[in-house]
Amino acid sequence: MASYSTNEFRSGLKVMLDGDPCSIIENEFVKPGKGQAFSRVKIRNLKNGRVLDKTFKSGESLEGADVVDVDMQYLYDDGEFYHFMVPETFEQYPADRNAVGESNIWLKAQDMYEVTLYNGAPIAITPPNFVELEITETDPGLKGDTAQGGTKPATLESGAVVKVPLFLEIGEKVRVDTRSGAYMSRVKS
Amino acid sequence: MPALPVLKQRALVYKKIRAFFDEISTLEVDTPLLGITTNTDVHIQSIAARVCSSTLYLQTSPEFAMKRLLVSGSGSIYQISHAFRDEEKGLLHHPEFSLLEWYSLGFDYQALMSQVEDLISRLFEQELSFHKISYFESFHRYLKLDLQLASQTECQDCVTQHIPGIDSSLLSWDDCLDLLMSQIVSREFKGFTFLYDYPESQASLARIKVGEPHLAERFELFYNDIELANGFSELTDAKQQRLRFLQDNCKRQQAGLQTYPIDEDFLKALEQGLPECAGVALGLDRLIMVMQQVNSIHDVMTLDTF
């Protein structure tokens, strides 16, 4: 794997740090006019999702990480592994519960997800920023309360529980932001 | 492409600068951007250009050229110029940037600070208040670190304590100071602040303070934590200057950086006698950032290349 010097740091670059694959989120160039330059970096550990602050002297370098993001279709959960497939090649990848983490609540069979492979094995699953899912469970809707605010919890077909407006019923589809878990809108079918 | 108000702001700043220096009979000059050699400072990287089959360097500041003019009898001079520094890119850095540099004959750095105040007040069209703190006092006040006594290890410990995720054992005494100043100390500055009397190890082209050999007659002007200007009582001793160039090249070699021929024209001029003077460089893009209240230098560049 190539190594990257501080002046090649940019957001999205995948590097090895303390033995773990990491992704650079933010790189700030810091330098007094006549002094030493540094890179202040926010970096995400791709194994545990934790974000760290690191400071490097300019000219230091990090080894690149063999990490690629591949779009895959979610197939099924066998209780131990979540199975994903590359639609073009039918290649299948089992992802353990650690790799899927909290993304499991957004998984719906047949839908596409971004699977991060490290040395050929899944280490993280990222759902699209917005997904459309059906409500499978919620309290009955309150008629005539469409204008008023107020929300109630609703369970979606993937398992996620989100707050939705009171007028929504079981069987209706909603659009949700997976980053915040926030309800965006009703989807007319 | 910046908004029209930014273009107009820049034009107005340049106009006011010219009016200011015209009134105090300081001559505007325009020195070459391409030179046969360049700055040897280990922390400043030059951009080489291929010109008529030989290598020339885009100047990192007009300092050496302007000092040659001072020796030749120009009197006090100023210049609005582009300068080039490789590998400097960020919210406050751009590899090609604009600066105002000027030299006032018969001034020392204290007198020059007052002149900087006059110019800045003029550019902002209001009475401004300027804070002043010495480099040593600022470390004492904000980090409880006494730089006259602190060892390299103590400075490294201070870095480890204040800066997350760094291997401070890789840092020299000056590296520690640079990092602590830019990341901790200067963040305490509010409004316009002069930082003065730098440690001798950071003298650059400044004169050493008479009677206090651990200090250099150097200052910087900050707005909040943004470095705007750097000034000195200028070093006029050719021998000492040659020694600093040689030391720079030594450090460059150790760091695996390219070394540069020593600027003999500049040294020859110094030998003839640079008149006593103080000089300062003010970053114009950053000044316009402050005026426009934007966070990125890229928002004020005219046709941003990067």
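In the predicted model, the residues lining the second largest pocket comprise 11 polar, 8 nonpolar and 6 charged residues. Several secondary-structure elements of chain A supply at least two lining residues each: strand S3 (20-30), strand S4 (38-45), helix H1 (97-100), strand S10 (112-118) and strand S11 (121-126). The largest share, 4 residues, comes from S11(A).

Chain A contains 16 strands and 1 helix. Its radius of gyration is 21 Å, whereas the globule rule gives 16 Å for 189 residues; chain A is therefore more spread out than a compact globule. Along the principal axes, the C-alpha atoms of chain A fill a box of roughly 70 × 45 × 25 Å. Of the 189 residues in chain A, 44% are buried. The accessible surface of the chain amounts to about 10000 Å², and carbon and sulfur atoms account for 47% of that area. When contacts in chain A between residues at least 6 apart in sequence are considered, 46% of them join residues at least 24 apart.

In chain B, Gly90(B) lies in the loop that connects strand S5 (77-84) with strand S6 (96-105). The relative accessibility of Gly90(B) is 16%, so this residue counts as buried, the cut-off being under 20%. Apart from neighbours within four places in sequence, Gly90(B) has contacts with Ile297(B) and His298(B), and with Phe29(A) of the other chain. Gly90(B) and Phe306(B) are separated by 216 residues in sequence, yet their C-alpha atoms are 9.9 Å apart in space.

The buried positions are Leu284(B), Asp285(B), Arg286(B), Leu287(B), Ile288(B), Met289(B), Val290(B) and Met291(B). An α-helix has 3.6 residues a turn, so residues three or four places apart point the same way. After H9(B) comes Gln293(B), which has a positive phi, near 55°.

Definitions and conventions. Residues are numbered from 1 along each chain as its sequence is written. Chains are lettered from A and ligands numbered from 1 in the order in which they are written. This is a predicted model: local features need pLDDT of at least 70, side-chain atom pairs count only at pLDDT 80 or more; totals for chains, interfaces and linings use all residues. Side-chain values use heavy atoms; hydrogens and water are left out. Ala, Val, Leu, Ile, Met, Phe, Trp, Tyr, Cys and Pro count as nonpolar, Asp, Glu, Lys and Arg as charged, and the others, Gly among them, as polar. The radius of gyration is taken over C-alpha atoms; the globule rule is 2.2 Å times the number of residues to the power 0.38. Buried means under 20% relative accessible area, exposed over 50%, partly exposed in between (1.4 Å probe, protein chains only). Contact means heavy atoms within 4.5 Å. Accessible areas come from the Shrake-Rupley method with a 1.4 Å probe; for residues, only the protein chains shown count as cover.
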